[in-house]
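Subject: Handing over the two-chain model

Hi,

Here is the structure I promised to pass on to you. Have a look at it first, and then read on for what I found in it.

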Number of protein chains: 2
Amino acid sequence: MPDDEQKRSYEDLEHEVARYRAVYDVMRALGGTLDLDELLDLIITRITEVMDADRSSLFLIDWEKKELWSKVAQGVRFMEIRFPMDLGLAGAVATSGEVLNIPDAYDDIRFNQDFDRKTGYRTRSVLCVPMTNKEGERIGVIQVLNKKSENPFDEEDQELLCALANQAAVAVENSQLYEDQKKSFISFVETLSTAMDARDPITAGHSSRVTLYSLAIAEELEYTEKQLAVLNAAALLHDIGKIGVPEVVLFKDGRLTDEEYKVIQTHALHSLNILDKIHFVREQKEIPMMSATHHERLDGSGYPLGLRGDDIPEAGRVIAVGDIFDAITSRRHYRDRMEFLKVLKILDEESEGSHIQPEFVNAFKQLPLSRIVKILEEDNSELVPEEDMLLFEKISLSTLQVLLEKEEDALSSEERNLVERFMCAYDRCEDVNRPDMD
Amino acid sequence: MPDDEQKRSYEDLEHEVARYRAVYDVMRALGGTLDLDELLDLIITRITEVMDADRSSLFLIDWEKKELWSKVAQGVRFMEIRFPMDLGLAGAVATSGEVLNIPDAYDDIRFNQDFDRKTGYRTRSVLCVPMTNKEGERIGVIQVLNKKSENPFDEEDQELLCALANQAAVAVENSQLYEDQKKSFISFVETLSTAMDARDPITAGHSSRVTLYSLAIAEELEYTEKQLAVLNAAALLHDIGKIGVPEVVLFKDGRLTDEEYKVIQTHALHSLNILDKIHFVREQKEIPMMSATHHERLDGSGYPLGLRGDDIPEAGRVIAVGDIFDAITSRRHYRDRMEFLKVLKILDEESEGSHIQPEFVNAFKQLPLSRIVKILEEDNSELVPEEDMLLFEKISLSTLQVLLEKEEDALSSEERNLVERFMCAYDRCEDVNRPDMD
């Protein structure tokens with residue numbers, strides 16, 4: 001009961017209750033996730049509703065690059081968009097920190113009509129406010145478009161959106177801290193596996209390539225972003241157990257004795273034991289089993305556990321395909337790089353022999369050749385002529401296999417050229433330092 | 001403007017505005033941190049204010065262990081307290097999920113008077129509500145004590161506290177996700193450094209012990225929890241660069257040639273190069289330099305960068321003390337464990353010779369002997385008789401040094417006993433598997 005304070009009108013109070021209720025609802029919703037992609041999506045959806053607008057967008061400020069950026073949903077993935085920080089109405093708010101409330105965007109010269117022109121949308125009313133964090137720093141802008149009531153946005157809307165934007169800023173910053181922590185984890189995993197592989201020139205880059213092959217297969221299998229992220233970590237870590245195999249055996253130059261081969265095989269069990277000691281977050285709890293089962297075989301003849309079929313985690317079965325492919329396309333101490341047709345035939349045999357999953361080998365073979373060549377070549381992919389890469393984009397691994405299996409004079413000149421271009425790229429992979437043959 | 005809906009009283013609206021405003025304020029504050037300790041502290045402080053109560057507490061439910069737990073500030077640290085989940089009023093709410101609003105706690109048999117008896121506090125009114133997350137699961141309880149107005153808590157208070165508790169639940173869960181991610185990172189660092197050290201029995205446990213010595217010194221220097229956490233990671237990673245040193249040199253049995261010694265020394269630069277590739281979160285950005293400078297010397301004669309004095313990160317100077325102490329108290333391929341008085345004298349020499357920081361050596365020597373013995377002994381510290389450990393709690397490393405420097409017949413029988421007990425523990429460290437001498 002206000003006594004000394006001036007009594008406010010009933011309508012004022014009603015408006016304030018309505019505003020608080022809206023902000024409260026949005027705040028509760030924003031608390032629902034720390035995933036930045038989901039959060040940005042959620043903010044947009046809820047704010048569009050609450051503001052009774054037709055569309056909304058949120059842009060974050062990258063002060064270093066002086067850019068605004070955002071992520072937009074593209075099916076199951078999110079795509080990042082970026083533009084200079086002074087572009088359009090959003091840019092004006094990002095730069096000045098002032099609220100813009102414009103009844104018709106086309107009356108304002110700062111409005112960038114490009115987007116409307118491209119999409120056929122007609123922007124009318126625009127309300128654009130800065131997102132300010134608890135330290136008072138501007139971290140982004142939110143803009144809502146075309147108030148549904150046909151009236152432009154009013155003072156009340158402006159206040160409400162500012163409250164929402166500042167709350168969104170807090171949620172976004174928390175989510176960024178969380179994402180930063182996740183990024184730190186995976187970068188440590190990456191750096192570590194790279195450093196371990198780099199102990200020997202022959203294994204250098206192995207875990208990274210196996211991971212890229214595995215992710216490529218998983219994309220064919222339509223994994224979600226989250227599933228891909230877990231697979232990424234599991235694949236990078238698959239050989240972590242090699243830290244438990246003495247280098248004198250692991251990097252032996254020449255044929256291995258049976259005894260030594262057994263010692264090498266212990267790496268998979270070491271991977272399991274080491275990874276089992278790590279506290280993984282909830283969605284990563286399966287990583288130890290995913291990583292450690294890359295030498296299991298569908299028929300149960302693999303190691304370290306002799307699992308069969310579906311008892312082998314799917315990720316382990318995917319990594320197995322990438323691991324074999326990398327093993328037989330890399331030079332080893334005891335073996336030179338293999339002829340490529342033989343590589344593909346080995347994949348077929350392993351698949352037919354119930355070692356690796358036929359569906360995953362097929363998914364792998366559906367990949368465009370360009371993707372495989374980029375992984376095979378790693379940092380040296382610039383050495384492959386651009387026109388060859390364009391050629392490789394149009395043909396899958398399985399189509400290449402058909403060509404390789406034909407007699408040479410059964411090939412059209414176009415086909416023969418393709419095979420030759422590929423062989424040249426593949427040979428260069430074998431020894432990037434050999435003298436240029438021009 | 002409500003038309004079809006029944007018009008509410010002015011006072012109702014006022015109350016609602018006041019409640020929303022309070023919740024909004026608390027929510028904004030809760031958004032301010034993802035650090036669980038800080039967050040719990042913040043919730044308690046803000047809720048005590050808003051509820052006009054004398055005290056509040058928050059307990060989280062550990063469903064696995066059927067316990068309630070909380071953290072309470074103890075100077076710069078936080079201490080965890082735990083009790084069975086059905087104890088007291090908080091336990092009743094945790095178990096049933098129902099709100100308890102009690103005018104005088106002493107009239108309720110469920111109230112546990114122990115705490116009041118111990119502290120002399122007199123609990124009167126108690127309002128205790130469950131914290132429910134967005135999935136509707138109970139994750140904790142919040143209780144507020146002794147409403148200041150002398151009246152007990154009313155219906156209005158009850159509604160407000162429930163809203164606050166549910167909002168707190170969301171913030172706590174986000175913070176737990178974040179902390180879980182941090183825990184995963186450090187557990188990976190720990191597991192990895194342990195696995196690397198375990199490649200050779202002689203270095204097994206080295207990084208872990210160096211880390212424990214460094215943390216012990218840092219506690220003497222009154223580091224905060226956050227500073228200790230960063231030091232913990234930096235110390236665990238100090239030898240990560242050994243992955244770049246061939247095992248044939250790193251684990252050579254016997255004296256090293258000058259050439260081999262130089263190869264071993266490259267590990268510090270490898271540490272820097274590897275760690276520089278990792279994306280560390282903001283508060284950990286200094287870890288690469290902290291880790292890699294553990295062989296620098298104050299006079300600039302160290303490696304890999306030849307830094308001097310304060311140019312060496314403080315953490316690097318702290319780790320240097322722990323590293324030297326562990327090196328000279330461990331057996332090495334080329335050297336047996338050193339006599340303990342000599343160990344202490346080497347620390348003095350290194351300190352006087354402007355290699356390591358005298359203040360940090362002093363801090364180290366102020367530590368109770370029991371702490372040192374526990375680290376030296378690791379998993380075998382149970383082998384040290386409990387009464388010996390109690391003895392070691394009362395004496396510092398520097399006092400031990402005074403005793404060791406005296407002629408044996410200048411020692412009192414008590415002092416002689418102490419020295420003997422320590423020597424026995426130290427010798428056992430040297431070979432834990434030797435036959436029992438009873």
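How far apart do the C-alpha centres of domain 1 of chain A and domain 2 of chain A lie? They are 44 Å apart. The domain assignment behind that figure puts residues 10–177 of chain A in domain 1 and residues 181–430 in domain 2.

Before the details, a word on confidence. Please keep in mind that this is a predicted model. It scores ipTM 0.86 and pTM 0.87. Chain A has a mean pLDDT of 90, with 93% of its residues at 70 or more. One stretch of chain A to treat separately is 429–438, where pLDDT stays under 50. For those residues the model has 6 contacts beyond four places in sequence.

**Where the chains meet**

The contact between the chains draws 46 residues from chain A and 46 residues from chain B. On the chain A side, the elements that give two or more residues are α1 (10–30), α5 (155–197) and α8 (247–250). Of these, α5(A) gives the most, with 17 residues. Sorted by class, the chain A side has 25 nonpolar, 9 polar and 12 charged residues.

**Helix α9 in both chains**

I would look at α9 next. In chain A, this helix covers residues 258–276, which is 19 residues. From its first C-alpha to its last it reaches 28 Å, close to the 27 Å expected at 1.5 Å a residue. Even so, α9(A) bends by about 30 degrees at A:Leu269. Its buried residues are A:His267, A:Ala268, A:His270, A:Ser271, A:Ile274 and A:Leu275. They pack against α10 (287–292) of chain A together with α5 (155–197) of chain B.

Over in chain B, helix α9 (residues 258–276) has 19 residues and reaches 28 Å between its first and last C-alpha atoms. A kink of about 30 degrees in α9(B) is centred on B:Leu269. The residues buried in α9(B) are B:His267, B:Ala268, B:His270, B:Ser271, B:Ile274 and B:Leu275. Their cover includes α5 of chain A together with α10 (287–292) of chain B.

**Backbone points to check**

A few backbone angles may interest you if you plan to set up calculations. Most residues other than glycine have a negative phi, and most peptide bonds are trans. Here are some that go the other way:

- A:Tyr303 and A:Pro304 are joined by a cis peptide bond, with omega about 10 degrees. A:Pro304 sits in the loop between α10 and α11 (314–329) of chain A.
- B:Tyr303 and B:Pro304 are also joined by a cis peptide bond, with omega about 10 degrees. The loop between α10 and α11 (314–329) of chain B holds B:Pro304.
- A:Asp52 is not a glycine, yet its phi is positive, at about 55 degrees. It lies in the loop between α2 (36–50) and β1 (53–62) of chain A. A:Asp52 counts as partly exposed because it has 13 C-beta neighbours inside 10 Å.
- B:Ser354, another residue other than glycine, has a positive phi near 60 degrees. Its place is the loop between α12 (340–352) and α13 (358–365) of chain B. With 15 other C-beta atoms within 10 Å, B:Ser354 is partly exposed.

**Two residues in their surroundings**

Is B:Ala218 buried or exposed? B:Ala218 is buried, because 24 other C-beta atoms lie within 10 Å, and the cut-off for buried is 20 or more. B:Ala218 belongs to helix α6 (residues 206–220) of chain B. Leaving out residues up to four places away in sequence, B:Ala218 touches B:Tyr223, B:Gln227, B:Leu228, B:Leu231 and B:Val318. The C-alpha atoms of B:Ala218 and B:Ile319 are separated by 9.6 Å, although the two residues are 101 residues apart along the chain.

A:Gln366, in the loop between α13 (358–365) and α14 (369–377) of chain A, is partly exposed, with 14 other C-beta atoms within 10 Å. Which residues does A:Gln366 touch, not counting residues up to four places away in sequence? They are A:Glu220, A:Ser396 and A:Ser398. Its C-alpha atom is 8.8 Å from that of A:Ile395, which is 29 residues apart from A:Gln366 along the chain.

Best wishes

Methods. Residues numbered from 1 in each chain as written. Chains lettered and ligands numbered in written order. Predicted model: local features only at pLDDT ≥ 70, side-chain atom pairs only at ≥ 80, totals over all residues. Contact = placed C-beta atoms within 7 Å. Helix = DSSP H or I, 4+ residues; strand = E, 2+ residues; numbered from the N terminus. Nonpolar A, V, L, I, M, F, W, Y, C, P; charged D, E, K, R; others polar. pLDDT = per-residue confidence, 0-100. Expected span 1.5 Å × (residues − 1). Bend = angle between axes of the 7 residues up to and from the residue. Buried ≥ 20, exposed ≤ 12 C-beta atoms within 10 Å, placed from the backbone. Domains from an automatic or database assignment.
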